[in-house]
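Work through the exercises below with the sequence and the 3D structure in view. Each task is followed by a solution in steps.

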Amino acid sequence: VLACYLRLIRAGFRRYATYRQAVIAGLATNVVFGFMRCAVLLTVFAGSASVAGYDTSRTVSFVWIGQGLIAVVLIWGNADFGQRVCSGDIGIDLLPPIDLQAALLAEDLGRAGFALVSRFSVPLLIGSMFFDLTLPASALRWAAFGLSVLLAVLVSFAIRFLLNLVAFWLLDWRGLLSVHAVVAGVLAGLAIPIAFFPGWAQAVIWATPFPTMLQAPIDVAIGRGPAGPLLAIQLAWAVLLLATGRLVLARAVRTLVIQGG
Amino acid sequence: VGERVAIYRSLMVASVRSQLAYPTSFALQCLAQALVQLEDMVVVLVLFSRISAMGGFTLPEVLLIYSLAGISFGLTDMLVGSLDKVGTALTVLGYVLGHLGDLLDARAGPVSVFSGWLLRLMAFVMPGAFVAYYPALAILGKPDPLGLPAILPYCPPLVAVLAAGVAALIWRAGLRHYVGTGS
């Protein structure tokens, strides 16, 4: 059974490796926006050496690691699975004797793996050519960052899985995906560091799972505080959201009616 | 002409009807659009809670640039539709351009490496600056902090015609190269 999931991981990796033009277009966008976000955020440092615990080096690192992680955690979501629900293809997915959620997760891990070597590494490399980035200082920090990215992918998958499950109830669930895409970016810490927000807003944002997808791995990488608590929050959200996904899937399958054709 | 207007009218009605077929989704799409506008403003406000001016622009001035961009894209989307993705990208470009003046203050360090080409890219290759930045300068009667010619704030209509011309050419080239899959 394990070999089956390993093959699904590899299939996910290879599936996304096929679209080279999409990778190049995505990279170009991520890199151009990286420069623009640096330009905007650096204006904050007009007169001061550090803002909310960020110096200029940590701020540009925040931008470039964030730009690299966009594709790894698919911060704006995707609709692949929901479309299979709408088209009825989901019936085929439910037939094989493997767990649907685990199978989709395996494929998504493969996808994230490819994104890591293509969409994450290049912006980071370009960013480090133009700026003085703050990156993990020790092998242990790098390992913690790797674990943090893995947990971020798990949380991101769990949220996307839940959103797409809504397609079982709503025939057109894209409105929900749009709202998520808008909200997730800012709450995950894509626009500005969450530490720039007023204290009360920070508390609200950290009470949602969104920062665990982006801000948490970035904080682990640039060394804002110890990695342990951040990893613990990520793990808690990953377990909670994956478990919720299982429950909702079980209910969703009971509502499912597939017409022959 | 009347016949063509009728065709466009029925196309618009069909588009609205198809969106209204799923009311929940339609309401959520509307909410998402409103949130997009709100979100950018929140980012500007949060940044200004840490600083008092950005590239020579105060908070009300940045909000003017931002709202001009928002109104432009809203109107464009309503009139010619379905360009929302282009619109969003350009809104961001226009917004960022409002802050680029800061890069010219001979900032020490690596930023100066890209300020020159990035600036030219934004102002002239992708004409985002003409959507909101230059109109805002014209309204405010403010000299261009980037030190570009004083006539530019009055050029947006000309640029709009040029951009529409380029878009029409690309559309025609696309049509010529189009091969249907014949599904």
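**Exercise 1: Salt bridges**

Over all chains, a search of the whole structure finds eight salt bridges, a salt bridge being a side-chain nitrogen of Lys or Arg within 4 Å of a carboxyl oxygen of Asp or Glu. This is a predicted model, in which local features need pLDDT of at least 70 and side-chain atom pairs count only at pLDDT 80 or more, while totals for chains, interfaces and linings use all residues. Residues are numbered from 1 along each chain as its sequence is written, chains are lettered from A and ligands numbered from 1 in the order in which they are written, and side-chain values use heavy atoms, with hydrogens and water left out.

Solution. 
- Step 1. Arg15(A) belongs to helix H1 (residues 2–17) of chain A and Glu107(A) to helix H6 (residues 100–130) of chain A, so the bridge ties together parts that are 92 residues apart in sequence. Helices here are DSSP runs (H or I, at least four residues), numbered from the N terminus.
- Step 2. Arg15(A) has a relative accessible area of 36% and is partly exposed; Glu107(A), with 23%, is partly exposed. The cut-offs are under 20% relative accessible area for buried and over 50% for exposed, with partly exposed in between (1.4 Å probe, protein chains only).

Task: find where the salt bridge of Arg111(A) and Asp108(A) lies.

Solution. 
- Step 1. The closest N and O atoms are 2.7 Å apart.
- Step 2. Both residues lie in helix H6 of chain A, three residues apart, which is about one turn of the helix.
- Step 3. Arg111(A) and Asp108(A) are both buried.
- Step 4. Elsewhere, salt bridges that share partners join Arg15(A), Asp80(A) and Glu107(A) into one network.

**Exercise 2: Aromatic pairs**

Task: classify the ring pairs that Phe35(A) forms with Trp64(A) and with Phe130(A).

Solution. 
- Step 1. The whole structure holds twelve aromatic pairs over all chains. Rings of Phe, Tyr and Trp (its six-membered ring) pair if their centres lie within 6.5 Å; planes under 30 degrees apart count as stacked, over 60 as edge-to-face and the rest as tilted.
- Step 2. Phe35(A) and Trp64(A) have ring centres 5.2 Å apart and planes at 80 degrees, so this pair is edge-to-face.
- Step 3. Phe35(A) is in helix H2 (residues 20–42) of chain A and Trp64(A) in helix H3 of chain A, 29 residues apart.
- Step 4. Phe35(A) is buried at 4% relative accessibility, and Trp64(A) is buried at 0%.
- Step 5. Phe35(A) and Phe130(A) are edge-to-face, with 5.1 Å centre to centre and 90 degrees between the planes. That pair links helix H2 of chain A to helix H6 of chain A, across 95 residues.
- Step 6. Ring pairs link Phe35(A), Trp64(A), Phe130(A) and Phe131(A) into a cluster.

**Exercise 3: Contacts of a serine**

Task: state where Ser57(A) lies and which residues beyond its sequence neighbours are in contact with Ser57(A).

Solution. 
- Step 1. Ser57(A) is found in helix H3 (residues 56–72) of chain A.
- Step 2. With a relative accessible area of 13%, Ser57(A) is buried.
- Step 3. Neighbours within four places in sequence aside, Ser57(A) is in contact (heavy atoms within 4.5 Å) with Asp132(A), Leu133(A) and Thr134(A).

Note on methods:
Helices (H or I, at least four residues) and strands (E, at least two) are DSSP runs, numbered from the N terminus.
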